[in-house]
Amino acid sequence: MNDKTKGNVLVVLQFALIAAILLMASDEVNVPWIYIGGVLFIAPGIIILFFSIKQLGGSLTANPVPRERGKLIETGLYKYVRHPIYTGLLLATLGSCVQSMAVVKFFFWFLLLALLIYKARFEEKLLAAKYSTYTDYMKRTGRFVPRLK
């Protein structure tokens with residue numbers, strides 16, 4: 001399987017897991033602090049997603065294979081985190097899990113986390129091959145969470 005095909009498979013799995021988490025029926029939890037707890041993950045997740053996508057501009061692709069004419073972005077959120085889109089997705093979907101408190105949703109969230117870790121490693125291998133400065137970028141920048149210095 002070539003890199004592009006592997007990337008497409010990972011993207012399909014990623015969107016399937018996100019859809020499962022967001023669309024899965026669950027009992028409504030009518031506890032205000034649980035609802036607020038979910039919002040405390042969802043809101044920053046969506047904000048991070050928005051700015052991450054905007055900052056990537058023409059380099060944006062869901063497939064982990066870098067665009068041929070893409071550029072390595074190391075500014076904005078990318079100055080602190082190598083994969084802020086994945087961070088935003090994980091936060092927003094975790095918020096959905098918290099709001100429902102459905103064990104099965106948490107199970108799918110952990111599958112999404114494992115998939116995004118795998119996808120990020122695959123993507124980083126491809127980015128390191130394309131951009132000579134990527135290895136140094138990896139050393140100073142956290143994958144999903146900013147490194148504490």
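Student: Which helix gives the largest share of the lining of the largest pocket?

Tutor: The model is a predicted one. The elements that each give two or more residues to this lining are α1 (3-23), α2 (32-56), α3 (84-100), α4 (103-130) and α5 (134-140). The largest share is 4 residues, and the element that supplies it is α3.

Student: What is the volume of the largest pocket, and which residues are closest to its centre?

Tutor: The space in the largest pocket amounts to about 530 Å³. Its lining has 30 residues, and those closest to the centre are Leu56, Thr61, Tyr78, Ile85 and Glu123.

Student: How many residues of each class form the lining of the largest pocket?

Tutor: The classes to be counted are nonpolar, polar and charged.

Student: Which residues are closest to the centre of the second largest pocket?

Tutor: The second largest pocket has a volume of about 200 Å³. It is lined by 15 residues, and the closest to its centre are Leu22, Ile42, Ser96, Gln99 and Lys105.

Student: Which element gives the most to the lining of the second largest pocket, and with how many residues?

Tutor: At least two lining residues come from each of α1, α2 and α3. By class, the lining of the second largest pocket comprises 7 nonpolar, 5 polar and 3 charged residues. The element that gives the most to this lining is α3, with 6 residues.

How values were computed
Residues numbered from 1 in each chain as written. Predicted model: local features only at pLDDT ≥ 70, side-chain atom pairs only at ≥ 80, totals over all residues. Heavy atoms only, no water. 1 Å grid on protein atoms, 1.4 Å probe; cavity = no way out; pocket = protein on both sides within 12 Å on 5 of 7 lines; lining within 4 Å. Points joined across faces, edges and corners; volume = space filled by probe spheres on them. Nonpolar A, V, L, I, M, F, W, Y, C, P; charged D, E, K, R; others polar.
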